[in-house]
Every structure is written in structure tokens, then in C-alpha cells.
Amino acid sequence: MELILSGMAASSGIAEGTVRVISRYAPNADFQEGEILVTEMTEPAMVAMMNKAAAIVTDVGGITSHAAIISRELGVPCVTATRSGTATLKDGMKVRVDGTKGEVYLI
Amino acid sequence: MKTYPEWIDEYARMIHMSFSHMVPSSWHPDGFAVLRFLNGSFLKKLHAGVRELRARQIPLETVGAGFQPSSLRAAIYFSMLEYQHSLPKDKAAYKEIIEYLVSVLNTVMKEDVWAYSRNIAHSAHEISEMVTETPWKKGDPQSARELGLLYNSTSSLVYSLYHDFFPQDACDVFGPYDVSATHGEGAILLVKKFVKLRPVGVWSDLKNQKYSTIEIRQIYQNVSFKCEFVAMHTMYEGDLRQGLRAYAVKVDDTWLEDIEDVRNVRDEVTVFAQEQAKVRAQLTIQEIGYKFLDLLCYQYANLFELAGMDWRPTAEMKDSLAGKELPEKVVIESLPPYEEYVASADNEVYWLKDLYTTQ
């Protein structure tokens, strides 16, 4: 596995899945259960996608950002403050998100 | 020798720590700019309210009962920023306001007034009553997951209604409360309370949104919890799914019977949240500024009602935004080191201490 991205370890745990990069301005994308939600930062309009996501990766945000808090409440891994998640990760990539270490691996 | 009250140092430590967890530049638009534009016009309204409450001899506890603790702490913080940026500064008036509000906060909180790590607003008797009177359901990983989904959906509704600067007006998390005597070693109780979910005074069209309050009570073992001054900034150690021992959910004074009920409420709230997010997304940045004024005042709706005043923004407040451009994003990346932060006139702590200098 190749370490492809790192950031802040915002919510612990490990999940694997298919990347779906979501624009903040396109919350109605056809997001599937178990996909990895990758976005600049989460918005309330993304509620349904966040509820389906196996893990969440964001470009910005601290340990008490919306994505971090919700991920912890949902019990899913989250890596925030990657700076380049939405540029580095592409739709369809298979990745492992390690929220305990704050790392994302290409599978 | 200190000439100012101890709470200012306690507040300063808390706010600096709290901001170290956040990235303010990710907030949009820049609500702090509204506080600068107001130039003390909301403080005038607030001062009138405080004076009226005193004249009417309304007990502090009665005023405090109208606030969730995190909302009051945030409201106090925003008042500090407005005062910091107002010119000329009405020192005597603001001293009266801040001392009053801090006194109210002291009636609300049982300990850790500024929520450096906990949000303790219930007495031992109240906690005991909660434990004995709640119709607890057995917790397990599946129910933990469903509660997390409900929490996300309700939080999303709150963000859609109150956005980045005011979600604490509708969401607070209380605890951790020690319930080891009834639920085993290390057991803690957390109470996640959503209120004001139908703020019709701020958003006139909420006809599809059914619920006004949702409360989630959870008992965990092998989980530790902490929060900060906005207690919905929850932080845990331990596995929330494996550690859930018992739960209960109340929606508008009705306890839900089973997890299917929880799922149904979550589905409804998710729709409300998405609808409200669309409404908000259609606002212009100017309209967002005026909505900020509404929400700033709405924090104090109960206080103004007790004072016999209309809670809505004054004409002077609205005029303060006319012709002003609200920046798209907050410009602060992070706060400077603590000693520099509290000493600088660029920050609110300096001006709090200045209230107690005689020059």
C-alpha cells in the first residue's frame, strides 16, 4: 500500500472503500453507501452522504471541525487538514483511511 | 497585583485553547466582521435589557434558565468582540453588561464555568432523577450507529438554521456525569440536547419542520469525553459503538419506543436539514449579514422577553450593515501564542482587563 495523503487524525478507526470527491456546491451527487467522502470541507447539505460514508477526508478543518465532530459521533474514521485531498484523490480510487494515524493509503 | 476578576484569566485560557482546535479561516462568511460593523449598537440594546431586568428584579436564575450554557458562553464572547471594536467605547455600560452576563452564567453552571473540558450544568439531584426516570433502552453497536446518524442529521438541521457562528444556540452536550453507582465502573452519562429547532422568528417558513426539541441520552463505559466552551465540540477516547450501554431519545416531550422510531425521526430530520440548507444557500451575502443580526439577537430572545423588549435587531443595528461588504471568509488562520494573545490590544482579553483599570 502506498501512503498517498496525510493530515490530522480527527476520528479513529480504519476503513477501506472507493473514493468519491464531492464539491461543496454539488451535494446531490449519487453517493453510494460505504464510499469514502472526500471534500474540501463538509456542509450541512451533505448530511445524507455523511450518513452513508465509510470514512471522511477533508482538505481543511481542525479537531473540532464539523467533519471531525460528526465522524466521531458516527464512529467512522476521519482525516482532516490534508490540504490536497480533493486534488490528490480521484473518483474510483480504492483507498484505506486510517483515522487513528491521519493517513490515507492507495490500495 | 491583579486588578481584574479571576474569571477573565479563566476565560482567556479556555478561549485560547478552544481556538487551537479550530481553523477560523474555514468559516464563511466572516461573521466577526458584522460584530465590527455594529460598532456597539447591539450592546446598546443589550444594556437596555440588562437595566430593565434589574429594574424588574428578575432573578439571575430565571434569566439563566432561558439559555443553554454553550449559547450563553458564545453570546458573551460575541459581546466581547463587539465591545473590543466599538468606538467610542462605553466602558461603564459594557462593564455592567459583562458582569451581569457572567453572573447569569455562574447560576447556570455547577462547575467549570467556561467549559474548559466539561459542561456540567445539572445538580447531583437532577442527574439522579435523569438516571431513575429515563426509560433506558439497552445499548449496542447497532443502536450506537443509529444514534450517531440521528445526531448527524439533527446537527445538520441546526447548522442549516444557525450556521457557523450560532449552532450552539440550538445544540448543547452536557456531561460527563458519573453514573458508575447505577451502571458500573467508569460509566458516564452524556445528554445531547437540541432545542429551538423551529426558530420561526428567524426563518418565517418552517412549516414542514415538525420537531422543536430532540434529546439523546447515552450511557457509556470505557469511553472518556471532553468538550470545550461550545460543548457540541465533542471529543472522545474509546469506542462509542462498543461502549454504549444504554440510551433514550426524547422528541418534543415524547420518549421514542424503539430504534425504528429513532430511524424514522432521523429520516424526517434529514429531509428538513436538506430543505433548509437549500434555503440558506440561496441567500445573498448581504442577506446572510442581516440573518447574522437576527441570530445574534435571537440568542437573547428569552432575556429580552423577560425585559419586556422586542428581541429583533434595532434599526440602528440594521443601518450599521448598510453599504458594508461582508467578507467571504474569516481571515484569522490561528491565534498567536497565549501570552501574546492576552497582552495585545488586538484581542478582546486586553479590553476586558481594561474595564478594571482606572485610567
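This is a friendly dialogue on reading a predicted model with a chain A and a chain B.

Student: Let's begin with chain B. Into which domains is chain B divided?

Tutor: Chain B has a domain 1, made of 6-114 + 285-354, and a domain 2, covering 124-281. The centres of domain 1 and domain 2 of chain B, taken over C-alpha atoms, are separated by 26 Å.

Student: How many residues of domain 1 of chain B are in contact with domain 2 of chain B?

Tutor: In domain 1 of chain B there are 19 such residues, and they meet 17 residues of domain 2 of chain B. On the domain 1 side, helix 1 (6-19), helix 5 and helix 12 (285-298) of chain B each give two or more residues. Helix 5 of chain B has the largest share of that side, with 5 residues. By class, the domain 1 side of chain B that touches domain 2 holds 10 nonpolar, 7 polar and 2 charged residues.

Student: Helix 5 of chain B also comes within 10 Å of helix 6 of chain B. How are helix 5 and helix 6 of chain B oriented to each other?

Tutor: Start with the angle between the helix axes. For helix 5 (residues 69-85) and helix 6 (residues 91-108) of chain B, the crossing is roughly 165°. Angles over 145 degrees count as roughly antiparallel, and therefore helix 5 and helix 6 of chain B are described that way. The crossing of these two helices of chain B is left-handed.

Student: Which residues make the contact between helix 5 and helix 6 of chain B?

Tutor: From helix 5 of chain B come B:Pro69, B:Leu72, B:Arg73, B:Ile76, B:Ser79 and B:Tyr83. Helix 6 of chain B answers with B:Tyr94, B:Ile97, B:Ile98, B:Leu101, B:Val102, B:Val104, B:Leu105 and B:Val108. Sorted by class, the contact of helix 5 with helix 6 of chain B has 12 nonpolar residues, 1 polar and 1 charged.

Student: At what angle do helix 3 and helix 6 of chain B cross?

Tutor: The axes of helix 3 (residues 41-55) and helix 6 of chain B come within 10 Å and cross at roughly 60°. Helix 3 and helix 6 of chain B are therefore oblique to each other, and their crossing is left-handed. Helix 3 of chain B contributes B:Leu43, B:Leu46, B:His47 and B:Val50, while helix 6 of chain B contributes B:Ala93, B:Tyr94, B:Glu96, B:Ile97 and B:Tyr100. That contact of helix 3 with helix 6 of chain B counts 7 nonpolar, 1 polar and 1 charged residues.

Student: Now the backbone. What should I look for there?

Tutor: Against that, look at the bond joining B:Leu87 and B:Pro88, which is cis with an omega of about -5°. B:Pro88 sits in the loop between helix 5 and helix 6 of chain B. Another cis peptide bond links B:Gly175 to B:Pro176, with omega about 5°, and B:Pro176 belongs to strand 2 (residues 171-178) of chain B.

Student: Which residue of chain A has a positive phi although it is not a glycine?

Tutor: That is A:Ala81, with a phi of about 55°. A:Ala81 lies in the loop between strand 6 and helix 3 (85-88) of chain A.

Student: Let's turn to the sheet. In what order do the 8 strands of the open sheet of chain A lie?

Tutor: Read across the sheet of chain A, the order is 1-8-7-3-4-5-6-2, with mixed pairing. Strand 1 (2-6) and strand 2 (8-11) of chain A are at the edges with a single partner strand each, so one side of each has no neighbour in the sheet. On average, neighbouring strands are turned by 30° against each other, direction ignored.

Student: Could you show me one strand pair?

Tutor: Take strand 5 (residues 55-58) and strand 6 (residues 78-80) of chain A, which run parallel and are joined by 2 bridges. There, A:Val57 has A:Val79 of strand 6 of chain A as its bridge partner. Helix 2 of chain A packs on this sheet, touching strand 2, strand 5 and strand 6 of chain A, and its direction makes about 45° with that of strand 2 of chain A.

Student: Finally, how many residues does each chain bring to the contact between chain A and chain B?

Tutor: Chain A brings 20 residues and chain B brings 26 residues. On the chain A side, helix 1 (47-52) and helix 2 (66-74) of chain A each supply at least two residues. Helix 2 of chain A gives the most, with 6 residues. The chain A side that touches chain B divides into 11 nonpolar, 7 polar and 2 charged residues.

Notes. Residues are numbered from 1 along each chain as its sequence is written. Chains are lettered from A and ligands numbered from 1 in the order in which they are written. This is a predicted model: local features need pLDDT of at least 70, side-chain atom pairs count only at pLDDT 80 or more; totals for chains, interfaces and linings use all residues. Axes are lines fitted to C-alpha atoms, for helices over the stretch in contact, and angles run from 0 to 180 degrees between N-to-C directions. Helices (H or I, at least four residues) and strands (E, at least two) are DSSP runs, numbered from the N terminus. Angles under 35 degrees count as roughly parallel, over 145 as roughly antiparallel, 65 to 115 as roughly perpendicular and the rest as oblique. A crossing is left-handed if the near helix is turned anticlockwise from the far one by less than a right angle, and right-handed if clockwise. Two residues are in contact if their C-beta atoms, placed from the backbone, lie within 7 Å. Ala, Val, Leu, Ile, Met, Phe, Trp, Tyr, Cys and Pro count as nonpolar, Asp, Glu, Lys and Arg as charged, and the others, Gly among them, as polar. Domain bounds come from an automatic or database domain assignment. Two strands pair if DSSP finds at least two bridges between them.
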